[in-house]
Each structure stands twice: as structure tokens, then as C-alpha cells.
Amino acid sequence: MLEVNDLHVSVEGNEILKGLTLTINAGEVHAIMGPNGAGKSTLSAVIAGKEGYEVTQGSILYDGRDVLEMEIEERAQAGLLLGFQYPVEIPGVKNIYLLKAALNAQRAAQGKGEIPAPEFMKLIKEKIANMKMDASFLQRAVNEGFSGGEKKRNEILQMLVLQPRLAMLDEIDSGLDIDAMRVVSDGVNSLRSEERAILLVTHYQRLLDFVVPDFVHVLVDGRIVKSGNAELARELEANGYEGIEESVA
Amino acid sequence: MATEEMEQLVRREYKDGFVTDIESDTLPPGLDEDTIAFISRKKGEPEWMLEWRLDAYQQWLKMKEPSWAHLDYPPIDYQEISYFSAPKRPEDRPQSLDEVDPKLLETYEKLGIPLHERAALAGVAVDAVFDSESVITTFKKELGEAGVIFCSISEAVQEYPELVKAYLGTVVPKNDNYFAALNSAVFTDGSFVFVPKGVKCPMELSTYFRINAENTGQFERTLIVCESGAEVSYLEGCTAPQRDENQLHAAVVELVALDDAYIKYSTVQNWYPGDENGVGGIYNFVTKRGDCRGERSRISWTQVETGSAITWKYPSCMLRGKDSIGEFYSVAVTGGRQQADTGTKMVHIGEGTRSTIISKGISSGNSNQSYRGLVKIGPRAKGARNYTECDSLLIGDTCGAHTYPYQEIGNSTSTLEHEATTSKIGEDQLFYCQSRGISEEDAVSMIVNGFCKDVFQELPMEFAVEAEALLNVTLEGAVG
Amino acid sequence: MSDTLTFLETLKARDAGRGPEPTWIAARRQAGAARFEAMGFPTRRDEEWKYTNVLEIARGNFALANDATFSPAAAAALTLPLDGYRLSFVDGIFAPALSDVQGMPDGVEVVPLSQALEDNHEAVGGTLGRLTGVDFPAFSALNTAFMEEGAVVRLAAGCVVEKPIVLQFLSRVNVDKPTMCHPRILVEAGSRSEATIVEHHTGDAEATNFTNIATEMFLGRGAILTHYKLQEAPLGDFHIASIHVEQERDSRYVSHNMDLGGALVRNDLISELNGKGAEATFNGLFFGQGRQHVDNHTKVNHNAPLTFSNENYKGILDDRAHGVFNGRVYVKRDSQQIEGFQSNQNLLLSDRARVDTKPELEIYADDVKCTHGTTTGQLDEDAVFALRTRGLDEQSARGLLTLAFAGEVLEAVTLDAISERVELAVAGKLPERFNLAGLVETAAALND
């Protein structure tokens with residue numbers, strides 16, 4: 001589904017990713033772990049199309065399409081969805097508008113018509129119930145005045161509504177208490193399916209107890225230095241990144 | 001802290017109010033074409049300069065004194081003013097500091113500008129304008145070696161007529177406004193600076209202006225030109241003696257910056273403000289404008305205004321050149337019956353132009369102070385940016401602080417931000433300082449200094465010290 | 001003949017046919033006419049009119065309407081779906097057929113001015129013209145000169161009116177000659193009374209009339225008045241409004257001033273905070289397109305200690321529209337412990353749109369906290385990016401954010417019929433490239 005090949009990315013002249021290669025297939029859950037500053041967030045930001053990141057070498061293919069040639073919204077419409085570490089507050093834009101506009105944009109890209117209002121309402125009601133959110137939240141502005149946990153729930157809610165093919169979750173666990181963590185994890189787990197892949201970016205093992213990955217990659221200094229299964233994450237928890245860095249060096 | 005104490009803190013005696021007792025060569029009051037011809041002849045000016053003056057005079061006659069400012073003063077009788085006063089002995093000008101009238105030097109001492117010492121220590125070249133004549137210009141030689149021309153405008157008219165002709169009145173046209181027209185007709189002296197292409201002026205240039213004789217108006221004219229890549233920092237200081245009649249000061253300053261040029265113009269204005277009942281003091285009507293003609297040029301105005309009975313002054317920048325930058329940093333302190341209407345104009349004409357305005361006003365006593373600013377974004381000024389911050393501090397309940405910012409935006413790619421606050425010194429801030437063992441007086445002084453910090457840091461070092469000292473003098477001595 | 005005289009001739013012709021009436025009202029009209037004649041129409045040399053040229057009005061040749069005929073179906077479509085009491089006027093003439101003030105609770109009176117004068121003119125005489133007559137700006141004077149119709153709202157002490165009082169002004173197509181009207185609204189809110197007044201200006205899309213409305217509102221001790229002014233006049237209409245509010249101790253006045261229509265619009269909103277604890281909130285939105293010109297001048301006069309004001313105006317300008325905002329906070333000497341906040345934010349959607357903004361502070365007391373801020377610029381690019389990562393194309397993202405910009409003002413609106421109307425109007429008025437009418441309509445439907 002997604003093939004990242006020898007990816008080099010610079011920000012303001014500093015090389016952050018230095019030849020990253022990663023393949024994700026449908027049905028898989030990947031976790032990228034690594035110390036701060038290793039380039040974890042850069043990877044998901046580049047895939048989503050954030051400005052200010054210069055790809056100097058390498059490629060990203062999604063179902064064989066060159067992702068770097070796609071517009072930001074095209075990527076999202078094609079099912080590449082990023083859950084932000086720090087979701088931006090958008091004063092005045094109601095959640096309901098965002099969800100509806102995004103869903104219709106996706107449907108339009110698939111050649112489908114707009115979703116009928118009753119069907120949309122039913123869908124939304126079901127999903128907010130899943131995320132244990134109050135209906136009043138739909139009338140509130142996107143992320144405005146939300147607590148850290150609410151913002152993260154909102155990110156997952158959008159995933160549940162938009163049903164991405166590849167969900168990239170950047171530090172979705174940061175700032176969550178244990179209850180919120182459970183709700184968010186349940187949401188993520190409900191996304192798991194044969195057609196879908198999930199890419200988790202995290203600093204801590206904690207999330208991976210709730211969402212057990214198929215593959216764990218350790219990212220150090222812009223490269224994947226070690227890959228393994230969920231066991232690797234537990235190893236990291238025990239020995240820390242230093243152990244890995246040393247063993248690689 | 002009681003309000004009266006606060007007020008007393010800012011009430012002060014004017015420290016620079018003494019009269020220098022030297023003979024001067026003064027024209028009787030009155031203004032007509034003969035007066036202008038006299039001034040022109042006295043200065044040995046060429047014919048074209050006289051015609052220029054007379055043309056300005058004719059235009060002035062047709063103009064009306066502006067009344068839109070938040071100022072209240074009795075009508076000025078322009079026939080009651082003497083338009084020329086020069087210290088005696090104009091024929092044998094001093095050639096070095098040793099030859100300067102010791103009384104004059106003493107005057108500068110009292111003002112805290114020991115000319116030679118200060119100049120030597122700080123590396124400042126000083127052009128001192130005493131009433132209407134430029135008395136002496138120091139460091140001319142060193143500047144000459146760098147190719148920088150720094151002399152009085154009268155001298156420039158004679159020595160560099162082509163340069164003067166090419167630039168004079170191109171930034172502030174003769175008929176720009178009532179006071180500029182008057183100045184164009186009768187200006188007596190001022191400074192001229194020309195920094196040629198690529199030259200960074202090796203030292204700070206400085207002029208002190210002082211009105212000494214009675215019943216005289218002072219009309220100086222300053223012209224500063226920086227060619228491509230040139231840079232200069234220019235300082236201006238002003239004082240006047242204590243008199244019980246009002247004196248008029250109507251100056252014009254023109255700055256021209258070509259490609260990549262940078263002009264930094266700093267003023268510490270401490271003209272006599274009048275006494276606490278509003279008797280006497282200088283009427284200060286000044287037109288200052290910088291023209292960022294070249295790409296990436298930059299003009300920066302910094303002013304500390306503590307004097308004058310009436311201030312009418314809006315140092316401005318015409319941002320013509322692509323990516324040019326205009327800046328205005330101002331601290332204005334008013335007390336007694338002072339009235340100040342001051343601010344700036346930033347006119348964005350070229351693409352990518354940027355401007356910053358930081359204005360701090362402190363009003364006390366029965367004074368009134370207004371910030372009046374214009375930020376204008378023209379249709380061609382794509383991507384223009386402005387940031388404006390104007391804060392007012394009120395000390396006592398009989399003063400006024402007003403803010404009139406005009407913003408005219410004709411371009412959707414521009415970004416403007418404007419913030420303004422008006423408040424008094426926080427009781428909690430005072431209490432906090434005092435509970436740390438700081439006296440009320442020092443606490444007020446500290447807080448006010450902190451309030452002005454953003455502007456003071458823009459001043460050249462030696463001026464910053466002077467400005468802080470001036471502010472402390474302003475606030476000193478009343479508590480207890 | 002000068003522009004001023006044209007109007008005075010029309011006035012003379014009208015008053016020639018007038019029957020007997022109390023002398024005070026004739027005297028007041030005459031004072032207004034004299035004042036208007038002396039002042040003339042403002043020009044751009046006048047600081048208060050620096051950015052607004054009213055020559056088109058001054059040169060206009062307007063008739064006075066004779067009847068209030070308006071298609072009931074068309075009126076119904078324009079009327080806000082509000083459950084309240086309603087007075088309607090067509091080109092300034094009272095339209096009983098389109099009005100409904102049934103079931104009004106005790107202690108409240110909502111009547112057309114003509115009727116109030118007829119019923120008990122002395123009760124009106126004390127207050128009518130007290131505020132707009134203070135210094136008679138030209139358009140107020142002109143209104144006073146013509147004053148005969150409008151609305152009178154009186155609330156007895158302690159009277160709380162739950163349902164909104166709607167004053168609807170319809171502008172219609174006049175084939176011969178466009179009309180002018182000079183409605184006068186008088187509101188007297190007794191102490192501790194509470195009400196919501198909705199002033200709604202709308203009409204035939206093709207109309208080209210001139211409305212010059214003057215409003216006086218008196219808030220007694222502790223009165224709470226919410227005043228919505230939704231101006232969606234036809235795009236060819238001229239609309240001038242002078243609103244003068246006087247507030248006593250602990251009263252609260254909230255203005256929601258929304259301008260969507262009109263070719264040339266000018267609002268002067270002034271509140272006098274005369275008693276301790278009085279509070280004024282000015283909430284405003286203006287949206288200009290085409291060559292619309294929308295000018296909002298507001299003033300809050302803090303005449304007493306411990307008074308508060310809070311102002312938030314937002315402007316969206318597209319095409320060649322011109323927006324003007326001038327807000328003044330004035331603090332009188334000895335009015336201590338004042339808080340005044342003022343904000344104006346503008347969004348320019350087109351390169352030929354322009355905005356002139358001037359937030360002013362004039363302060364003569366020291367124990368004050370006054371701030372103002374303005375911003376003019378573009379949309380937040382981080383927000384544009386965030387929306388695009390959800391699949392919205394760039395234009396839709398910008399459209400949605402523009403709508404959101406307006407939405408921040410609408411959040412304070414508690415009458416859904418109004419916020420939805422404005423939101424829909426803004427969404428539908430957004431440039432073709434990001435028209436969002438469909439989106440908002442479905443979302444509004446979902447709310448039901």
C-alpha cells in the first residue's frame with residue numbers, strides 16, 4: 001500500500017530524514033518509535049504534505065502513485081489521513097461542518113454524490129457515541145478550547161467518519177490520561193481491518209499495550225535502525241533507546 | 001500611592017532653562033518678501049535658492065494653519081516672530097573648538113554636552129545649531145576622508161548646490177503643509193548629510209539645536225541622503241531657555257535612502273515645556289519624513305519627546321522601494337499643561353514593504369497627549385506588513401491620553417496588526433516593588449523605564465543613557 | 001438647486017397637507033430642518049465622513065411613499081422565522097397587514113409612532129428627539145425634520161418580555177421614482193425591564209431606496225436590552241442609521257449589528273454610559289461585495305465610574321467593496337475604574353477590496369483599563385493546511401474559514417433564526433469559488 005524508499009528530507013537546510021525505507025501493506029499496524037528529534041513526526045508530516053519539508057532524495061508511493069506529486073487534499077481523499085500530535089484550533093469552524101465537508105470531498109473524489117442528511121446524521125451519532133463524546137460537541141468550533149484529551153478524541157472521531165485506508169497517528173497518546181487512552185485505543189483498534197493499515201508514531205511503549213502492532217521500527221537520527229515485532233517495543237521499554245543506539249553503533 | 005504624589009513625581013523644574021548672554025544679530029519681528037530676501041542675502045545664497053524660498057512663501061500665504069490635531073493654543077501671530085537671529089561675529093567663524101566663544105561652550109556644558117570631551121569620548125561629530133546659525137562642525141575632516149559630507153545646510157547650498165538642488169524639497173514638498181511651507185520660505189539653518197554609495201558612516205553624527213534669543217522662531221532644515229548601500233546614524237538634541245512667552249519652532253527634516261541604504265534618525269527633544277500653569281514654552285511644529293526610495297532601504301525614527309508646550313510631529317516613512325522597511329519608536333512624556341499630538345505615517349507603496357510602530361506615551365499633570373498614526377497600504381504593496389503597538393500610561397486623574405490610529409488598507413495580501421492599551425501604573429506592580437524594599441520613587445521610575453524599554457533599546461548607547469537620565473529627572477524628587 | 005434644498009422642498013410639500021397637531025412636534029421638525037439646512041450633507045472633508053461619500057444620496061431624487069402595499073407572500077419569505085411581536089413598515093409606511101402584536105404581556109407597549117402620537121402625544125413628547133437632537137449630526141437632523149412614523153416600544157419597570165419584538169422594514173421596487181423614509185424608533189426600557197428588539201431591514205432585491213433611520217433607546221436602572229439589527233437591505237438601497245443609547249445605572253445594552261445588504265451603508269452607534277455599573281456590548285459583522293460600501297462608526301462614552309464596554313467588529317470585504325470601521329472609546333474626567341475593550345478584525349478576499357479602520361481611545365481618567373486591537377489580513381495558513389489534510393480542497397477550506405471568521409461574531413447571537421439566517425447568507429454570499437450555501441443548509445437542517 002505505502003512504499004517509502006530511501007527518503008531524505010530537509011527542513012531549512014538541516015537533513016532530518018537520511019534515507020528512510022519502509023513498506024506498509026494493507027491489514028498491517030506499524031509503529032515507529034524513537035527518541036526525540038529522530039525524525040518521527042517528519043515522516044508523517046511529509047506523507048501528509050506539510051509545507052516546509054524538502055524532499056531531497058527518495059520516493060513515497062501509495063498504491064503505486066507518487067504521493068509527493070499529490071495535493072494535500074488529494075492525499076486525504078485517497079485515504080491517507082494524518083492524526084496530528086498538536087491538532088490546530090480553528091475558531092468558528094464547527095466540527096459538524098468540517099466532518100460533512102471532508103466526507104463529501106472524499107465521496108466526490110470517489111465519484112459518489114453527497115451523503116444524504118439523515119444518513120450523515122446517523123453515522124455521526126454512532127461515531128460520537130463510540131468516542132464517548134457529547135453531541136453538543138458537533139456545534140463547537142474545531143478543537144477550540146478542547147482539552148488535550150478531547151483534541152485527540154476528535155482526531156480519532158474524524159478517522160472513524162472518514163475511514164482512511166492508511167491512518168497515520170502522530171503521538172496520539174501524548175497528553176492522555178488512562179481513561180482517554182482507552183477510548184482512543186478502542187477507536188484505533190476499531191479501525192483495524194484487512195483493507196486498512198495504521199501507522200503509529202510514538203515515543204512510548206504504553207500505547208502499544210493497547211494497540212498491539214504487527215511491526216515495530218526504531219528510528220534513530222533519520223534512519224530506521226531496527227525493525228521487529230511487538231516484542232521489540234517491550235525490549236525498548238526495558239533497555240531504552242540508548243541500548244539500540246549502542247548496538248547499532 | 002496618593003495621586004498627588006504621583007503627580008509630583010513627574011512635575012519638575014526645567015533644568016536647561018538658562019539664557020546665554022552673548023550678543024546676537026537679530027532681525028526685527030515680521031515676515032514679508034524682504035525678510036526672506038534678507039535671510040537669503042545673509043546666507044550668501046544663490047538666486048535659485050531665493051526664488052525657491054519666495055515660491056514657498058507665496059504658497060504659504062494661500063494656506064491655512066491645520067486645526068485637526070487634538071491641540072489647543074492661542075493663534076500664532078506670524079508677524080510677531082523674528083525670523084533671523086545669529087550669534088555675533090558671523091564673519092570670523094571659529095575654525096577650531098579653541099576659537100569657539102567660551103560662553104557657548106559653557107552653554108553646552110550646562111546642557112551636558114561637553115563638546116570636545118564628549119565628541120572625543122563617544123566619537124560623535126557634533127554640529128551645534130545655536131538659534132539659527134550652525135556654529136561649528138567638528139570632525140569634518142575625518143568624515144571627509146570617508147567621503148561623508150556633514151555640514152550646515154547653508155554651507156551645503158554654497159558648496160554642494162547640485163546635491164541640494166537634486167534632493168531639497170523632494171521628500172517634503174514646499175507646499176506639503178502649512179508649517180513646511182513656512183519653513184521652506186524662512187529656514188535659517190540645519191544640517192546636511194550626504195553619504196555616498198557603499199559608505200558606512202564611520203561615526204555617529206549629531207546636532208544640538210537650541211533656541212536662545214527672545215521672540216525668535218527657529219526654522220531649521222535638515223537633509224540626509226544615503227546613496228545605495230550607505231548607512232548613517234544621526235542624533236539630534238534640542239533644548240531652549242526658560243521664557244514666559246511662547247516660541248515657535250517649525251523644522252523640516254528630509255531623509256532619502258536609496259537601494260540598501262539605512263538611515264537611523266534619533267531625537268531627544270527637550271525644548272522648554274512652559275511652566276506648570278502653561279505659561280511659555282516652545283510650539284514645536286515639525287515635519288519629518290523619510291523616503292525609502294530604493295529597494296531594501298530602511299529608515300528608522302526613534303524619538304524621546306519630553307519637552308515643548310505644544311508638539312505637532314509625525315515622523316513618517318514613504319516606503320516606495322520593494323522590500324523597504326520603515327520603523328518608528330517613540331517615547332513621549334508630558335506633564336504640566338503640555339500638549340502633544342504625535343505619531344507617525346507609514347505609507348506602503350512598494351511590494352513587500354514592512355513597518356513597525358512602537359509608541360509609548362506617559363501623561364501626567366494636566367497634560368494631554370495623543371498618538372495619531374496612519375498606516376496606508378497601497379494597491380501595489382503586495383505582501384506588505386505592519387505591526388503597531390501604542391501604549392499609554394496615565395499618572396494622575398487630570399491628564400488625558402488619546403489614540404487615533406488610522407489604517408487604510410487597499411490590498412488583500414497585506415497583514416496589519418494593531419494593539420493599544422491605556423492604563424495607569426499598576427498598584428500591584430508598585431506594591432510588589434515596594435515590598436521588595438524599593439522606594440516609591442524608584443519603583444515608579446523603574447516601572448516607567450520598563451514601559452519604555454522597547455524604545456530605549458533602539459537608541460544609540462550614549463543617547464539611551466541620556467534618555468533614561470532625562471526620564472529619571474522628569475520623575476525625580478517629589479516623593480516624601 | 002442645492003442638494004439640501006431638494007430634500008427640504010420635498011419636506012415642505014409633505015407638510016403642506018398636514019392636519020392640526022401638537023405644536024411641539026412641529027417645532028422639533030422645524031429645528032431639525034433648520035439644522036439640516038445649516039449643516040448640509042457631510043462631505044469627505046468632515047473627519048467623521050473621511051472615508052464615506054454620500055454624494056449619491058445628496059444628489060438623489062427621492063419621493064415619499066404613499067402606501068404600504070407589499071405582496072404578502074414576498075413579505076412572508078423575507079420575514080425572519082421568529083416567534084415574537086412584529087411591526088412592519090414598507091418604505092417607512094406602517095403596514096398593519098404585515099404586523100402582529102397579539103398577546104403582548106402586560107407592561108409592554110409596541111406601537112407605531114403615528115399611533116403613539118395620536119393616543120397620547122404628551123407621553124412621547126418628553127423623550128422623542130432628546131438623544132438624536134443633542135448635537136444633530138446631519139442625517140439625524142434630516143430624520144428629525146421628516147419624523148412622523150416609526151416604532152415606540154415602552155417597557156414598564158420590571159417588565160420582562162420573553163419573546164423578541166421585531167421591527168421589520170421592507171424596501172420595495174418603486175417604478176416611478178425611488179423613495180426615501182426616515183423612520184424613528186423610540187425605546188424606553190423601565191428599570192429592571194428586559195427585552196430583545198430585532199430590527200430587520202430587508203426588501204425586494206431590485207429596490208433602490210433610501211432609508212435614514214434614527215433610533216433612541218433609554219435604559220433605566222438595571223434594564224437589559226438586546227438589540228439585533230440585521231441589515232440585509234436590497235443591494236441598491238442606501239441605508240443610514242443613527243442609533244443613540246442612554247444607559248442608567250447597572251443597565252446592560254447588547255447590540256448585534258449585522259450588515260449584509262445595501263449599496264451604501266452607514267451606522268452610527270453611540271452609547272452613553274451614564275450610571276455606575278452600566279455595560280455596553282457591541283458585536284458587529286459586515287460583509288461587502290461588488291461595490292458595496294459599509295461604514296460603521298461606534299462610540300462608547302464612559303460618563304460614569306465603574307462602567308464597562310466590550311466591542312468586537314468583524315469585516316469581510318470582497319470584490320471592490322469598501323469597509324470602514326471607526327470605534328471610539330471615550331472616558332470622561334473622573335470616570336474611574338473603567339474597562340473598555342475594542343477589537344476590529346478584517347478579512348480582505350480580493351485585491352480590490354479595501355478597508356479603513358480607526359479604533360480610537362480618548363481618555364481623561366487614570367484608573368482605566370482600555371485596550372484596542374485591530375488586525376487585517378488573510379486566513380490562518382495552518383488552519384488551511386489542517387482542513388486540507390481532511391480532504392477539503394483549498395478553496396473550500398478557505399471558504400469554510402471565512403465563514404468561521406464570521407461565525408465568531410455569531411456565537412454571541414442567541415436567536416437561532418438570526419444566526420442561521422446570517423450564516424446562510426454569508427455562506428451563500430461567499431465568492432463563487434467557495435460558495436458554501438449547500439453545506440450550511442444541510443448542517444442547519446441537522447440541527448432541527
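In which sense, parallel or antiparallel, do strand 22 of chain B and strand 20 of chain C pair? The two strands run antiparallel, and six bridges hold the pairing count, with strand 20 covering residues 354-363 of chain C. One of the pairs puts B:Glu408 across from C:Asp356, its bridge partner in strand 20 of chain C. Keep in mind that this is a predicted model.

**Where B meets C**

On the chain B side, 29 residues take part, and they touch 33 residues of chain C. Strand 21 (385-395), strand 22 (400-409) and strand 23 (415-424) of chain B each put in at least two residues of the side that touches chain C. Sorted by type, that side of chain B holds 10 nonpolar, 14 polar and five charged residues.

As for chain B as a whole, it has 12 helices and 23 strands. Of its 480 residues, 56% are buried. Taking the contacts in chain B with a separation of 6 or more, 84% are between residues 24 or more positions apart.

**Where C meets A**

Now to the other contact made by chain C. Here 24 residues come from chain C and 25 residues from chain A. On the chain C side, helix 7 (381-388), helix 8 (394-410) and helix 10 (437-447) each supply at least two residues. Helix 8 of chain C gives the largest share of that side, eight residues. The make-up of the chain C side is 13 nonpolar, five polar and six charged residues.

**The six-stranded sheet of chain A**

Chain A has an open sheet of six strands in the order 6-9-10-3-11-12, with mixed pairing. Its edges are strand 6 (80-83) and strand 12 (223-228) of chain A, each of which pairs on one side only. From one strand to the next, the twist averages 20 degrees. As background, the strands of a sheet pair through backbone hydrogen bonds, either parallel or antiparallel.

Inside this sheet, strand 9 (residues 166-170) and strand 10 (residues 197-202) of chain A are parallel partners over five bridges. There, A:Asp170 has A:Val201 of strand 10 as its bridge partner.

Two helices of chain A pack on the sheet. Helix 1 (residues 40-48) touches strand 3 (29-33), strand 6, strand 9, strand 10 and strand 11 (215-220) of chain A, and its direction makes about 140 degrees with that of strand 9. Helix 5 (residues 148-162) touches strand 6 and strand 9 of chain A, and its direction makes about 165 degrees with that of strand 6.

**Other strand pairs in chain A**

Strand 1 (residues 2-11) of chain A runs antiparallel to strand 4 (residues 54-62) of chain A, and seven bridges join them. In that pair, A:Ser10 has A:Glu54 as its bridge partner. Strand 4 of chain A also pairs with strand 5 (residues 65-66) of chain A, again in the antiparallel sense, over two bridges. A:Leu61 stands opposite A:Asp66 of strand 5. The hairpin of strands 4 and 5 of chain A has two residues between the strands, and A:Asp63 takes a positive phi near 50 degrees there.

Here are the strand pairs side by side:

| Strand pair | Sense | Bridges |
|---|---|---|
| Strand 22 of chain B and strand 20 of chain C | antiparallel | six bridges |
| Strand 9 and strand 10 of chain A | parallel | five bridges |
| Strand 1 and strand 4 of chain A | antiparallel | seven bridges |
| Strand 4 and strand 5 of chain A | antiparallel | two bridges |

**Helix 4 of chain A, face by face**

Helix 4 (residues 117-130) of chain A has 14 residues and reaches 20 Å from its first C-alpha to its last, close to the 20 Å expected at 1.5 Å a residue. Its buried residues are A:Phe120, A:Ile124 and A:Ile128. They cover an arc of only 55 degrees around the axis, so they sit on the same side of helix 4 of chain A. These buried residues pack against helix 3 (95-109) and helix 5 of chain A. On the other side of helix 4, the exposed residues are A:Pro118, A:Glu119, A:Lys122, A:Lys125, A:Glu126 and A:Ala129. After helix 4 of chain A comes A:Lys132, whose phi is positive, near 50 degrees.

**A last stop at A:Glu235**

A:Glu235 lies in helix 8 (residues 230-248) of chain A. This residue is partly exposed because 17 other C-beta atoms lie within 10 Å, between the cut-offs of 12 or fewer for exposed and 20 or more for buried. The C-alpha atoms of A:Glu235 and A:Asp209 are 13 Å apart, while the two residues are 26 residues apart along the chain.

Technical notes
Residues are numbered from 1 along each chain as its sequence is written. Chains are lettered from A and ligands numbered from 1 in the order in which they are written. This is a predicted model: local features need pLDDT of at least 70, side-chain atom pairs count only at pLDDT 80 or more; totals for chains, interfaces and linings use all residues. Two strands pair if DSSP finds at least two bridges between them. Helices (H or I, at least four residues) and strands (E, at least two) are DSSP runs, numbered from the N terminus. Axes are lines fitted to C-alpha atoms, for helices over the stretch in contact, and angles run from 0 to 180 degrees between N-to-C directions. Two residues are in contact if their C-beta atoms, placed from the backbone, lie within 7 Å. The expected span of a helix is 1.5 Å times one less than its number of residues. The arc is that of the directions from the helix axis to the C-beta atoms. Ala, Val, Leu, Ile, Met, Phe, Trp, Tyr, Cys and Pro count as nonpolar, Asp, Glu, Lys and Arg as charged, and the others, Gly among them, as polar.
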